[in-house]
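Reader: Hi! Could you take me on a close look at the surroundings of the ligand in this model, and at the parts of the chain that build them?

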Amino acid sequence: MSKRVGLYPGSFDPITNGHIDILQQSLAIADKIIIAIGVHPGKIPLFTFEEREDMITRTIKDWDNQASERVQVISFDNLVVDAARKHSASFMIRGLRDGTDLDYEMQLAGMNGAMAPEIGTIYFPASPEVRPITATLVRQIAKLNGDISHFTPKFVVQKLTEKFNQQ
Ligand code: ADP
């Protein structure tokens, strides 16, 4: 039987407990999950691709070393459906926090589905405790020296602190 490969696209700038929640849920239905970090010229992230990749792999290893064998991190700068095709993913994974996510995700899935009908989208609902988390707010809170330990893994807290101390 062919492997069920899912592509989980996003910015992951940095990975949060919300992303991990969706990753955990998706690993229950997939053989392999490819975390696809979108890198777009013109959009300047806080962390480089390499830094984001390192935070993701460290976090997954700390959480479940066996799961890390079923997760791969890649970057893409083209259409997400083309990244999915290139990596032989048959579906995409997305998380839903609220109605705003749902409205946007319906547009994305509709347009992606028109371009690549063979690739479906699977949504997972955010678990209640991670529902309010966004990477944007995590970055803003960290910049203002706030406590982000409820929102991101320990290693990411450390990296964010280092990043803002350098600036
Ligand atoms: P963010 O919106 O936090 O910047 P991304 O752009 O990296 O995150 O999002 C990638 C995917 O992860 C999207 O499907 C998004 O809905 C999902 N996601 C992000 N944060 C959460 C969360 N707290 N709970 C559930 N899903 C989330």
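**Around the ligand**

Author: Happy to! A polar backbone atom of Ala135 lies 2.9 Å from an oxygen atom of the ligand. Please keep in mind that this is a predicted model, so treat each distance as computed from it.

At Ser11, a polar backbone atom is 2.9 Å from an oxygen atom of the ligand. At Gly95, a backbone N or O atom is 2.7 Å from a ligand oxygen atom. On its own the ligand has 530 Å² of accessible area, and the protein covers 90% of that.

The ligand sits in the largest pocket, and the elements giving two or more residues to the shell around it are β1 (5–10), α1 (17–27), β4 and α5. In total, 18 residues surround the ligand. Ser11, Gly95 and Ala135 are among the closest, and Tyr8 and Val130 are also in that group.

Strand β4 (residues 91–96) pairs with strand β5 (residues 120–125) in the parallel sense, over 6 bridges. Within the strand pair, Met92 stands opposite Thr121 of β5.

The other two shell elements, β1 and α1, are worth a look for the loop between them. Most residues other than glycine have a negative phi, and most peptide bonds are trans. Phe12 is found in this loop, and its phi is positive, near 50 degrees. Pro14 lies in the loop between β1 and α1 too, and the peptide bond leading from Asp13 to Pro14 is cis, with omega near 5 degrees.

Note on methods. Residues are numbered from 1 along each chain as its sequence is written. This is a predicted model: local features need pLDDT of at least 70, side-chain atom pairs count only at pLDDT 80 or more; totals for chains, interfaces and linings use all residues. Side-chain values use heavy atoms; hydrogens and water are left out. Two strands pair if DSSP finds at least two bridges between them. Helices (H or I, at least four residues) and strands (E, at least two) are DSSP runs, numbered from the N terminus. A residue is near a molecule or strand if one of its heavy atoms lies within 4 Å of it. A polar contact is a pair of N or O atoms within 3.5 Å; within protein, one must be able to donate a hydrogen and the other to accept it, and residues adjacent in sequence count only if both atoms are side-chain atoms. Accessible areas come from the Shrake-Rupley method with a 1.4 Å probe; for residues, only the protein chains shown count as cover. On a 1 Å grid over the protein atoms alone, a cavity is a set of points where a 1.4 Å probe fits but cannot get out, and a pocket is an open set with protein on both sides within 12 Å along at least five of seven lines; lining residues have an atom within 4 Å of a point. A molecule sits in a cavity or pocket if more than half of its atoms lie within 2 Å of its grid points.
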